[in-house]
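Please examine the model displayed here before reading on. The paragraphs after it are meant to be followed with the structure in view.

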Amino acid sequence: MSLILEVKDLHVRYGKVEAVHGANLKVEAGKIVTVIGPNGAGKSTMLNAIMGALPVSGSSAGAVTYLGHDLAGIPVEGRVARGMCLVPEKRELFGSMSVADNLVLGAYRRKRAGEKNFLDQMEVVYGLFPRLKERAKQDAGTLSGGERQMLAVGRALMAKPQLLMLDEPSLGLAPLIVKEIFHIINDLRKTGVAT
Ligand SMILES: Nc1ncnc2c1ncn2[C@@H]1O[C@H](COP(=O)(O)OP(=O)(O)OP(=O)(O)O)[C@@H](O)[C@H]1O
Ligand SMILES: [Mg+2]
């Protein structure tokens, strides 16, 4: 199996507080790896560090290797360009833009790279989340919690990621929707996406 992501001895601190103390992780193609821990354990911090999206108060040490390349010094946009994608804990949708426009923005990097069919995932996402298609013209800021989550995952899929990182994918969702989202994640796994 090919190794997509490797994290070695990751340390992250916010000023004097060390939030991640020597974490190690390996993710292979087509695998789902889950990080569990109590509130404040450093799970979100670890994901943000892998994505290169720590707040300015944060600093990290250790090695993050993606597809065999050390990511040190590579900014978040460079990581997205290489096929990494994070659905952040706070979802970070563009609230005053429509559902459809939020999805289009997920493919922005592919458009910039000159891909003519950069919107090819739109119907795939609408197929996975029919609710988003029904609400395509509605402002993202007016969606329900579960719908926001669907949109955040859908927007990530627009980038056709090879490594999809989901921070708390079941947070605040009804059990049936959780089942549905996990089903979708498992289907993605079968297409080779590492999660
Ligand atoms: N920007 C920041 N500045 C200072 N401390 C921070 C910052 N972000 C997180 N922390 C601290 O780092 C620790 C790890 O936080 P993190 O959000 O990574 O935890 P988590 O495992 O994701 O928790 P949860 O399950 O509640 O989401 C916490 O003690 C938190 O207060
Ligand atoms: Mg968290």
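This is a predicted model: local features need pLDDT of at least 70, side-chain atom pairs count only at pLDDT 80 or more; totals for chains, interfaces and linings use all residues.

A polar side-chain atom of Thr 45 is found 2.5 Å from an oxygen atom of ligand 1. An N or O atom in the side chain of Lys 43 lies 2.7 Å from an oxygen atom of the ligand, and a polar backbone atom of Ala 41 is 3.2 Å from an oxygen atom of ligand 1. Taken alone, ligand 1 exposes 650 Å², and the protein buries 63% of that area.

Attention now turns to the metal. Ser 44, through OG, and Glu 89, through OE, coordinate the magnesium ion (ligand 2) at 2.0 to 2.6 Å. Ser 44 belongs to helix H1 (residues 43–51), whereas Glu 89 sits in the loop between S5 and H3, so the pair ties together parts that are 45 residues apart in sequence. The two residues can also be described by their accessibility. Ser 44 has a relative accessible area of 17% and is therefore buried, the cut-off for that class being under 20%. Glu 89, with a relative accessible area of 34%, is partly exposed.

Ser 98 is placed in the loop between strand S5 (84–87) and helix H3 (99–106). Is Ser 98 buried or exposed? Its relative accessible area is 13%, so Ser 98 is buried. A polar atom of the Ser 98 side chain lies 3.0 Å from the backbone nitrogen of Asp 101. Leaving aside residues up to four places away in sequence, Ser 98 touches Ala 136, Lys 137, Gln 138, Asp 139 and Ala 140.

With a relative accessibility of 2%, Leu 10 counts as buried. Not counting residues up to four places away in sequence, the contacts of Leu 10 include Val 20, His 21, Met 46, Ala 49, Ser 60 and Val 64. The C-alpha atom of Leu 10 is separated by 23 Å from that of Ala 81, a residue 71 positions away along the chain.

Key:
Residues are numbered from 1 along each chain as its sequence is written. Chains are lettered from A and ligands numbered from 1 in the order in which they are written. Side-chain values use heavy atoms; hydrogens and water are left out. Helices (H or I, at least four residues) and strands (E, at least two) are DSSP runs, numbered from the N terminus. Buried means under 20% relative accessible area, exposed over 50%, partly exposed in between (1.4 Å probe, protein chains only). A polar contact is a pair of N or O atoms within 3.5 Å; within protein, one must be able to donate a hydrogen and the other to accept it, and residues adjacent in sequence count only if both atoms are side-chain atoms. Contact means heavy atoms within 4.5 Å. Donors are N, O and S atoms within 2.8 Å of the metal (3.2 Å for Na, K and Ca); water is not among the atoms, so sites may look incomplete. Accessible areas come from the Shrake-Rupley method with a 1.4 Å probe; for residues, only the protein chains shown count as cover.
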